[in-house]
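I opened this notebook to record what I looked up in the structure shown below. The entries follow the order in which I consulted it.

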Protein chains: 2
Amino acid sequence: MDAHFADGLETVNAELVQMTRLVGSAMNRATQALLDADLTMAESVIAADARIDTLASDIEERCFDLIASDHPSTADLPFVIGALRIAASLERMGDLAEHVAKQSRLRYPRLSIPQELRGTFAEMGGLAEAIVSKTGAVIATQDVSLTADIARHDEEVDRLHRELFTIVLSPTWSHGVESAIDVTLLSRYYERYADHAVSVTRRVVTIVTGAPYVGVSLS
Amino acid sequence: MDAHFADGLETVNAELVQMTRLVGSAMNRATQALLDADLTMAESVIAADARIDTLASDIEERCFDLIASDHPSTADLPFVIGALRIAASLERMGDLAEHVAKQSRLRYPRLSIPQELRGTFAEMGGLAEAIVSKTGAVIATQDVSLTADIARHDEEVDRLHRELFTIVLSPTWSHGVESAIDVTLLSRYYERYADHAVSVTRRVVTIVTGAPYVGVSLS
């Protein structure tokens with residue numbers, strides 16, 4: 001790997017880590033907005049998404065330049081293509097945080113979720129934060145041993161997602177159809193956010209170990 | 001553009017068009033499965049998704065090889081990177097068709113949707129088909145004049161999506177919470193399928209005209 005290419009890749013890597021911080025902060029603040037029906041917080045998340053999108057575009061441009069000017073070898077190319085994919089996933093994680101914030105804004109000044117589910121969403125928010133901060137660490141250090149932790153957190157998010165489904169469908173649900181749909185969509189945003197993080201860490205594993213990428217369904 | 005690179009790109013293009021056919025057929029059959037509670041049809045859509053995933057991987061590999069062996073110029077690179085992005089979007093459209101099919105399987109032998117909404121979902125299915133077949137034409141011919149049609153169909157899908165929301169939230173909704181959630185999620189799958197198609201055509205426009213890509217939120 002030549003020095004110019006290695007430098008460029010290092011910059012891209014630092015920007016990807018920066019993206020994990022921004023999308024982590026976005027989901028964290030979106031969760032706060034959700035739990036407290038905090039309109040100002042929700043608006044700040046929505047406004048900040050443009051910065052995430054811009055950073056993703058910058059990374060894309062830099063990767064283009066690296067490929068076009070440095071002609072990376074077959075061995076080095078996966079790093080750049082992987083970075084492009086990772087930036088796209090992180091950008092979508094930012095969009096999902098924005099979706100959570102928009103949902104809070106939509107129902108303001110009411111809470112978007114019934115009081116008794118605040119704990120579950122707080123838990124999902126906490127897991128999302130743990131996942132994204134470990135994802136940042138995996139990108140920064142290429143220490144793939146953290147992926148087991150991330151997978152475990154993701155399973156926990158999936159479990160909470162199923163639990164919420166069961167709750168809104170139970171005969172004792174007393175909050176009506178609109179609230180059931182709000183809870184289902186919100187829960188899905190967290191679940192997909194976690195899935196994207198898992199997909200990012202799998203990409204890093206693929207790049208680091210050269211093992212084939214095993215995708216997760218993200219749609 | 002050298003001849004080997006141009007040939008490779010032509011193959012990739014043909015494979016992308018083939019993907020639009022597969023994901024079009026998948027959503028078409030998923031819609032039939034949904035409207036008729038047809039388990040065999042649903043299973044066939046679910047089974048066929050692997051072929052779409054494999055084709056997406058093949059395209060990815062071919063693009064890698066093209067970049068690594070042909071060292072495309074800065075001017076040619078966007079074609080390859082664009083193809084990678086388009087393949088990823090089409091793969092997700094296949095996943096969304098599979099989601100619709102899985103929903104039909106989940107409620108079999110019952111219909112997943114109330115009888116009176118069959119017309120609306122048939123309409124969404126028809127629009128999805130129109131959109132994806134025009135998307136295939138845009139990729140095949142690079143005739144970007146079709147994008148206006150696609151955008152109009154997409155707006156129509158968005159309108160039906162909002163209409164379904166209004167219906168399930170109306171006080172006269174008599175099908176309960178589970179059905180309201182089923183309808184909402186199904187409607188969202190169609191809406192996102194259309195959004196991905198729009199994103200694909202925008203990528204093609206970007207490549208053909210050199211104009212900057214204007215993204216759509218896909219999360």
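**Entry 1: the cis peptide bonds**

I began with B:Pro109, which lies in the loop between H3 and helix H4 (118-141) of chain B. Helices here are DSSP runs of H or I with at least four residues, strands are runs of E with at least two, and both are numbered from the N terminus. I found that a cis peptide bond joins B:Tyr108 and B:Pro109, with omega at about 5 degrees. I then turned to chain A, where the bond from A:Tyr108 to A:Pro109 is cis, with omega near 5 degrees. A:Pro109 sits in the loop between helix H3 (77-107) and helix H4 (118-141) of chain A.

**Entry 2: conventions**

I noted that this is a predicted model, in which local features need pLDDT of at least 70, side-chain atom pairs count only at pLDDT 80 or more, and totals for chains, interfaces and linings use all residues. Residues are numbered from 1 along each chain as its sequence is written, while chains are lettered from A and ligands numbered from 1 in the order in which they are written.

**Entry 3: chain A as a whole**

I looked up the elements of chain A and found six helices and zero strands. The C-alpha trace of chain A spans about 65 × 30 × 25 Å along its principal axes.

I also recorded that 44% of the 219 residues in chain A are buried. A residue is buried if 20 or more other C-beta atoms, placed from the backbone, lie within 10 Å of its own, exposed if 12 or fewer, and partly exposed in between.

**Entry 4: positive phi**

I found a positive phi of about 55 degrees at A:Gln142, although this residue is not a glycine. A:Gln142 is in the loop between H4 and helix H5 (147-169) of chain A. It counts as partly exposed because it has 13 C-beta neighbours inside 10 Å.

B:Ala37 is in the loop between helix H1 (3-36) and H2 of chain B. B:Ala37 has 17 other C-beta atoms within 10 Å and is therefore partly exposed.
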